[in-house]
Amino acid sequence: MKINAKDVASGVLLILIAATGLWLNGDHSLGSARRMGPGYMPMLVFWAQMALGTIVLALAFFNGPDPLEKWTGLDASMLIISVIVGTAVGLAAPYISSFFESSYGSLGIGMLAGFLVLAYAAGWRLLAFICAAMCAFCLLLEKGGLMLALAVTIGIACLAEPEHRSRPLGVLGITIFLLAMCWWIFIKQLDIRVAVWPLQY
Amino acid sequence: MDILGNLAHGFSVALSFNNLLFALVGALIGTAIGVLPGIGPVATISLLLPITFGQPATTAIIMLAGIYYGAQYGGSTTAILLNLPGEISSVVTTLEGYKMARNGRAGAALATSALSSFFAGTVATIVVAGSGPLLTSVALSFGPADYFSLMLLGLIISAVLAQGSVIKSIGMVVFGVALGLVGTDVQTGQQRFTFGIPELSDGISFVALAMGMFGIAEIILNLEKPEARSVLKTEVGSLWLTREEFRRATPSTLRGTLVGTVLGILPGGGAALSSFGSYMMERKVSKNRHLFGSGAIEGVAGPEAANNAAAQTSFIPLLTLGIPANAVMALMVGALIIQGIQPGPRMVEAQPDLFWGLIASMWIGNVMLLIINLPMIGMWVKLLQVPYKFLYPAILVFCCIGAYSVNNNVFDVYSTVIFAVFGYMCNKLKLEPAPMLIGFVLGPMMEEHLRRAMLLSRGDVMVFIERPISASMLAIGAIALAAMLLPNLRKGKEAALSG
C-alpha cells in the first residue's frame with residue numbers, strides 16, 4: 001500500500017470542516033432554488049467540500065507514499081496538554097482578574113498559556129513562540145500601551161531563534177530599534193489611535 | 001474621451017506629489033522584498049494593507065501595485081548574483097542568469113533583466129490601457145448567470161494552475177468560498193457562522209486571513225529552514241551589453257513580453273507561471289538554444305520580460321471584471337472593498353482616477369524601478385546581508401499593529417493567530433493557501449450572482465447552459481479540469497511549476 005499520509009490528513013480535515021459547517025448550517029433556512037435562503041449557498045459549498053474531501057481521502061490510498069513529519073512523543077503529548085491548559089486558563093481567567101473580562105482577554109490569556117506550554121516541545125517551538133508573542137501583544141496593547149506590548153512581543157518572538165536566546169543584548173538592541181521605528185511610522189506618521197505608554201487612559 | 005485623453009488624465013493623477021511618492025515607496029519596498037528571499041509580495045502586501053487605509057483609494061492601489069511589480073525587478077537581482085531566487089517568479093532566472101554571472105557577465109545579466117522588464121512593462125501598460133475599456137463594455141453585457149460561471153471558471157483555473165494536487169486545491173477554493181460566507185447574509189440580515197461574536201458579523205477579516213496564512217505562517221516556515229545565504233563573491237562588472245548580447249536578447253524579450261502578457265490575463269496566471277512559460281519557449285525556439293545551461297542571455301531576457309508583463313496584465317481581469325487572477329489580485333480586491341469600492345466593470349466609468357491613474361503609475365513605476373535597480377544595485381546587494389533573524393521580529397510587529405489598526409480591535413489579531421496556525425498546518429499537508437484566498441474574496445460575490453441568476457430563471461439551473469457566455473465559461477472550466485486528468489499534461493504542469 002502506498003498511503004499518502006498528507007492527503008489522508010487533508011481529506012479528513014476537509015471532511016471534518018464540511019461536516020461541522022453543514023451541522024452549523026442547520027440553523028439557517030434553506031429556501032428554494034428560486035428564492036435562496038441564507039442557508040442555501042453554504043449547503044452547496046459544504047457538500048462540494050465534503051465530496052472533494054472524500055475524493056482526496058480515497059485517492060490518498062494510491063498516490064503515496066508521502067509521510068507526515070515525525071512527531072516525537074513529547075510533541076504529541078504537549079499538544080494535548082497545551083489544549084487542556086489553554087482551555088482551563090481561558091475559562092478560569094475572568095474569575096481571577098477583571099483584567100481579562102474585556103476585549104477577549106480570557107481568549108487571549110488562554111491562547112497565550114496554551115502556546116507557552118506547547119513551546120516546551122521542540123517540534124512546536126517556533127510556531128508556539130511566534131503565536132504566543134502575538135497573543136501577548138493583544139493582551140497588553142489596550143491597557144499597557146503600544147510600547148510595552150511591542151517590547152514583550154519582540155522578547156517572546158526572539159525566543160524562537162536559538163541565536164537570540166544566548167544574546168540578550170542583541171535582543172535589547174532589536175527591541176529598541178523596532179520600538180523607535182514603530183513609534184515613528186505608526187504614531188508619528190500614520191497616527192493610529194492607540195495608547196502609547198502604560199496607564200495612558 | 002479617447003484613450004489618449006484618458007491616459008493624459010491618468011498621468012495628471014499619477015504625477016501628483018502624493019501619488020508619485022507612494023509609487024516610489026511601493027517600488028522601493030517591492031524591490032527590497034524582491035531581493036530578500038523569504039518575504040514574498042503576497043505577505044508584504046497583506047501586511048501593508050492596513051497602512052494604506054488612511055490614503056485615498058488611488059494612492060493605496062498605486063503603492064500596492066508598485067510592490068507587486070517592484071518585486072519582479074528585485075527578485076531577479078538575487079537570482080543572478082547569488083543563484084537564490086528572491087521570488088518564485090525569478091526561479092528560472094537563476095538557471096541562465098547565475099551562469100552568466102559566473103562567466104563574469106553579472107552586470108550584463110542584471111542590465112538585460114532590468115531593460116527587458118522595462119520594455120515588457122511598457123508594452124503591458126499599453127495593453128492594459130487598450131483592453132481595459134474594451135473588456136469593460138463586454139463585461140457590462142454579462143448577466144448574473146454569466147458572472148457566476150466566469151467566477152467559477154476563475155476559481156477552477158486558479159486551482160488547476162496552483163502547485164500540487166488539483167483536487168486538494170479545489171477543496172481549498174471551496175473552503176475559501178465557505179469562509180467568505182461567514183457574517184451577515186446580505187438579503188435576509190441573518191447572522192451566519194458568527195457564534196454570536198459581533199466582530200464576525202461583517203465577515204472574517206480579510207487582513208487577518210491574508211496576514212495569518214501568508215505573513216505569519218511564512219515567518220514560522222522560514223525560521224524552520226536553516227538560513228542558506230552565501231556572501232556575494234561575484235563581481236557585478238560592467239552593466240553595458242555588448243552589441244552581440246543586445247542582438248540576442250531582443251527577440252527573446254519580444255517573445256517573453258507576448259507570453260507574459262497573455263498568461264498574465266488568465267485567471268490563476270501571473271508572474272511565476274509566465275516566466276516558466278517563457279523559459280520553456282526560449283529553450284525550444286531560440287536560435288541559441290544549444291547555449292542554454294551555460295549562461296544564455298536569452299534565458300534571462302525572456303522570463304524577465306514575461307514576469308513583469310504578467311504582473312501588469314494580471315490587473316486586467318481585476319479592473320474590468322472585478323475578478324482576481326491570483327492571490328496578489330485577491331489582496332487588491334480586499335484593499336478596494338475596504339476603501340468602499342466594489343471592483344467590477346463599472347469601475348472604469350465610476351473611478352476614472354483610479355483606473356487611469358493606476359495605469360499611468362504603472363509606467364512611471366517602471367521608470368522608477370529601472371533607476372532604482374540599475375545604478376543602485378550595490379545598495380540592494382548590501383540589503384542581502386541583513387540576516388532573517390533580524391527581519392522576522394520586524395515583520396511580526398508590523399503584522400500585529402497592522403491587523404489591530406484595521407478596526408482598532410484585538411479580535412482581528414487573534415484571528416490572525418488562528419489563521420497562522422491553519423496556514424502552517426496547510427503547508428505541512430501540502431494544501432495551497434493561494435486558491436483559498438481567491439475563493440474567500442469571490443465567495444460573497446458568487447452567492448449574490450447565483451441568487452440573482454436563479455431568481456431570474458425562476459429556479460431553473462439550465463440558465464447556466466442556455467446562455468452562450470455562461471455555457472462557454474463552464475465548458476472551458478470543464479476542459480481545464482479534464483486536461484489535468486491526462487497524465488502527460490499533469491507532468492508538464494509539475495515540471496513547469498517546480499522549475
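At roughly what angle do the axes of helix α3 (residues 41–52) of chain B and helix α4 (residues 57–82) of chain B cross? The axes come within 10 Å and cross at roughly 160°, in a model that is predicted. Axes here are lines fitted to C-alpha atoms, for helices over the stretch in contact, with angles running from 0 to 180 degrees between N-to-C directions. Helices are DSSP runs (H or I, at least four residues), numbered from the N terminus. The angle makes α3(B) roughly antiparallel to α4(B), a label for angles over 145 degrees, while those under 35 count as roughly parallel, 65 to 115 as roughly perpendicular and the rest as oblique. On the α3(B) side, P41(B), T44(B), I45(B) and T52(B) make the contact, and α4(B) contributes residues including A60(B), M63(B) and Y68(B). Contact requires C-beta atoms, placed from the backbone, within 7 Å.

A second pair in chain B joins helix α14 (residues 327–338) and helix α20 (residues 433–456), whose axes come within 9 Å and cross at roughly 30°. The two helices are therefore roughly parallel to each other, and α14(B) passes α20(B) in a left-handed crossing. A327(B), A330(B), V333(B) and G334(B) of α14(B) meet A434(B), L437(B), I438(B) and V441(B) of α20(B).

A residue is buried with 20 or more other C-beta atoms within 10 Å of its own, exposed with 12 or fewer, and partly exposed in between. Leaving aside neighbours within four places in sequence, C135(A) contacts G108(A), M111(A), L112(A), F115(A) and V417(B).

Finally, R102(B) lies in helix α5 (residues 91–102) of chain B and is partly exposed, with 14 other C-beta atoms within 10 Å. R102(B) and S294(B) are 192 residues apart in sequence yet 9.5 Å apart in space, C-alpha to C-alpha.

Residues are numbered from 1 along each chain as its sequence is written, and chains are lettered from A and ligands numbered from 1 in the order in which they are written. For this predicted model, local features need pLDDT of at least 70 and side-chain atom pairs count only at pLDDT 80 or more, whereas totals for chains, interfaces and linings use all residues.

Technical notes: Contact = placed C-beta atoms within 7 Å. Left-handed = near helix turned anticlockwise from the far one by under 90°.
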